[in-house]
Amino acid sequence: MLTLGIDIGSTTAKCAVLEDGRDFRAVSLRDSGVGTDGPQAAFEGVLAELGVSRRDIDCVCATGYGRAAWQDADLRASELTCHCLGGVYVFPGLRTLIDIGGQDAKVISIDAGGSMAEFVMNDKCAAGTGRFLDVMAALLRCPVDSFAEAAARSKSPASISNTCTVFAESEVISQLAAGAAVEDVIAGVCRSVATRVGSLARRLDMREPVCMSGGVARNAAVREALSEYLQVPVLFDERAQLFGAMGAAIYAAKRKSKE
Amino acid sequence: MEVRKGSSQDPNSAKYKLNQIAAKAYSDAQAAKERGEKVGWCASNFPVELPETLGIPVCYPENQAAGIAARGQGEKLCSIAEDEGYSNDICAYARISLAYAKIKDEPAQNMPMPDFMLCCNNICSCMTKWYENLSKELDIPLIMIDIPFNPDNEVSRDEIEYVKAQFLEAVRQLEEITGKKWSDERFREVMANSCRTSRAWLEATALAAARPSPFNGFDLLNHMAVMVTARGKPEAAEAMELLAREYRENIENGTSTFRAEEKYRIMFEGIACWPWLRVTSTGLKSRGINMVSTIYADAFGFIYDDFDGMIEAYCKVPNAINLETARDKRVRLCNNIGVDGLLVHTNRSCKLWSGFMPEMSRQIGEACGIPVVSFDGDQADPRNFSEAQYDTRVQGLTEIMASRKAGE
């Protein structure tokens with residue numbers, strides 16, 4: 001049995017194909033999300049990698065903000081459940097998952113059986129999300145992927161507000177105008193995201209082990225700042241950005257096996 | 001065309017009668033104004049029994065703002081208020097009302113301009129300034145009743161005396177403004193009507209304990225307009241008793257106004273998201289979720305035996321009581337009615353209510369063993385809501401409830 005999960009986010013599209021509910025056979029990721037050709041490209045890409053067609057897939061589950069618009073889905077599940085399933089697959093016994101995606105941040109509390117027990121999400125503000133980092137990257141003329149390396153060089157991280165993206169943007173400009181080193185500002189920006197999301201995590205009955213998922217998980221500076229803020233180790237896996245798609249494939253497999 | 005029994009078109013239905021009463025509250029006030037009578041604007045938690053006993057017509061800006069927002073005109077009026085310099089951080093009901101006082105015509109819900117204002121701060125502090133501003137801008141008297149936030153669990157004798165003196169002074173001021181006279185006998189009638197209406201209302205809302213619930217909880221949000229504007233009138237009592245009867249019949253017949261399979265039952269916390277009522281309602285109904293309980297509806301059921309009892313009731317409205325008392329009321333409702341989850345509207349307009357909800361909802365979730373999920377929205381400003389965010393949160397809540405039911 002092959003099941004496919006497609007996670008259509010605000011900035012990326014990801015796919016994962018699972019065989020018999022156990023082993024992942026292929027994954028794909030495209031850097032364009034809802035409203036672009038990214039989801040279709042990710043979908044076709046993962047099928048091509050496996051050398052199979054849509055007919056060979058027993059069940060497709062869509063997740064992410066674009067889940068409702070993806071016509072070729074047999075099932076739809078929230079990215080909350082999917083990230084939870086993906087996280088538990090990679091880290092068995094996982095109890096807390098922190099997902100920072102392109103436009104939202106969520107903290108999921110997982111029960112001992114591996115099911116989502118409760119969750120909290122960011123409010124309408126973009127602070128504490130990937131979008132916040134994108135805005136800062138453009139302002140600082142430094143790709144987000146280089147943030148961790150730059151932040152590692154920081155000797156004195158700047159203090160950047162986490163209340164509002166626009167406020168933070170003007171703060172960054174002021175800091176740079178006052179002569180702050182770019183790496184200090186970048187470290188401050190990463191801490192800003194970490195404390196914003198960390199305070200969401202503290203609202204829940206946070207238990208270890210804790211992991212991060214979503215695109216921002218790749219940023220070691222945010223992970224480390226989050227770990228420091230929460231005073232717990234924050235686990236990371238290279239597939240963190242794919243947890244949603246992987247979880248969707250697992251969800252599809254679970255549903256199929258119940259039929 | 002055949003009229004479905006119990007529908008808003010069936011003149012014998014409670015829904016029809018309640019809609020008529022709510023509409024009549026506005027038309028009666030307009031007619032009184034045209035006759036040259038003094039008309040007031042009144043806060044929803046002001047003791048309506050006072051103007052009702054005196055026979056003074058009043059309109060309710062909060063109710064008007066909700067109507068304007070539900071009919072899609074909230075953003076227009078909020079923008080007018082913001083153009084006047086009011087911050088978009090203040091309550092959208094206040095912004096809509098302040099804008100209406102400027103433009104004096106909004107077909108979505110018109111009402112006569114006031115000759116005086118009746119305010120009570122037991123609901124929030126923004127209302128105090130909102131009414132003060134209207135009083136100043138329109139150059140009309142403001143009657144302000146101060147009911148302090150109650151950190152204790154009971155209403156003390158001192159508080160009753162403090163508020164009573166203000167109620168009596170309000171009566172004196174109203175007599176002076178309108179020339180009408182207070183009658184104890186008339187007050188007893190109004191009190192009896194108000195209590196009768198409230199009893200029937202609370203009985204109707206409690207019938208949600210049946211499985212499936214005999215009604216869609218969103219019905220309550222419409223019917224409560226009568227609880228706000230007309231609870232002291234005999235026709236309101238009759239219509240509410242009819243509503244409770246209809247719900248009892250639904251239970252006997254196994255029917256419901258919730259037109260879907262009731263897979264899950266939730267409590268909804270906070271004022272309705274009026275500009276997005278259809279979206280918020282459909283997001284639940286499409287997943288088989290019935291909103292069977294909300295403190296917002298029950299809050300307008302006032303039951304008491306005498307003048308002091310009435311004062312005590314107004315000292316115990318939901319926004320004037322401490323977190324523990326407020327929590328216990330909700331826990332009782334959740335347990336009595338039986339719910340699988342709690343959906344919290346983090347209402348950008350209502351700082352007081354939304355401010356204490358993160359902790360209160362955490363405690364409710366813990367006490368009742370139910371998942372709690374919140375979403376951002378606004379009671380009247382459509383700009384403070386994201387449909388996609390709402391949908392994800394509701395789907396997440398559904399998945400948790402489904403997983404718990406399946407014993408996973």
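## Two aspartates with positive phi

B:D139 lies in the loop of chain B that runs between α6 (126-138) and β4 (142-145). In this predicted model, the phi angle of B:D139 is near 55°, which is a positive value in a residue other than glycine. B:D139 counts as exposed, because it has 6 C-beta neighbours inside 10 Å.

A:D20, found in the loop between β2 (13-19) and β3 (23-30) of chain A, has a positive phi of about 55° although it is not a glycine. Is A:D20 buried, exposed or partly exposed? A:D20 has 13 other C-beta atoms within 10 Å, and it is therefore partly exposed, since that class lies between the limit of 12 or fewer for exposed residues and the limit of 20 or more for buried ones.

In chain B, a cis peptide bond with omega of about 0° joins B:R211 and B:P212, and B:P212 is placed in the loop between α8 and α9 (217-230).

## Two helix pairs in chain B

The axes of helix α8 (residues 184-206) and helix α10 (residues 234-253) of chain B come within 8 Å and cross at roughly 20°, so α8(B) and α10(B) are roughly parallel to each other. Their crossing is left-handed. On the α8(B) side, the residues that meet α10(B) include B:W201 and B:R196, while those on the α10(B) side include B:M240 and B:Y247. Sorted by class, the residues of this contact are ten nonpolar, two polar and three charged.

How do the axes of helix α4 (residues 74-83) and helix α5 (residues 92-103) of chain B cross? These axes come within 8 Å and cross at roughly 75°, which means that α4(B) is roughly perpendicular to α5(B). Among the residues that make this contact are B:L77 and B:C78 of α4(B), together with B:I96 and B:Y100 of α5(B). The contact of α4(B) with α5(B) has ten nonpolar, one polar and three charged residues.

## A buried methionine and a helix with buried residues

B:M310 has its place in helix α13 (residues 307-315) of chain B, and it is buried because 24 other C-beta atoms lie within 10 Å. When its neighbours within four places in sequence are left aside, B:M310 is in contact with B:P47, B:E49, B:M191 and B:Y304. The C-alpha atoms of B:M310 and B:K164 are separated by 9.6 Å, although these residues are 146 residues apart along the chain.

Helix α16 (residues 387-405) of chain B has 19 residues, and from its first C-alpha to its last it reaches 27 Å, close to the 27 Å expected at 1.5 Å a residue. The buried residues of α16(B) include B:Y390, B:V394, B:L397 and B:M401. Just after α16(B), B:G407 takes a positive phi of about 70°.

## Where the chains touch

The contact takes 15 residues from chain A and 16 residues from chain B. On the side of chain A that touches chain B, α2 (79-90) and β8 (116-121) each supply at least two residues, and β8(A) gives the most, with four residues. The residues on that side of chain A divide into six nonpolar, four polar and five charged.

Key
Residues are numbered from 1 along each chain as its sequence is written. Chains are lettered from A and ligands numbered from 1 in the order in which they are written. This is a predicted model: local features need pLDDT of at least 70, side-chain atom pairs count only at pLDDT 80 or more; totals for chains, interfaces and linings use all residues. Axes are lines fitted to C-alpha atoms, for helices over the stretch in contact, and angles run from 0 to 180 degrees between N-to-C directions. Angles under 35 degrees count as roughly parallel, over 145 as roughly antiparallel, 65 to 115 as roughly perpendicular and the rest as oblique. A crossing is left-handed if the near helix is turned anticlockwise from the far one by less than a right angle, and right-handed if clockwise. Two residues are in contact if their C-beta atoms, placed from the backbone, lie within 7 Å. Ala, Val, Leu, Ile, Met, Phe, Trp, Tyr, Cys and Pro count as nonpolar, Asp, Glu, Lys and Arg as charged, and the others, Gly among them, as polar. The expected span of a helix is 1.5 Å times one less than its number of residues.
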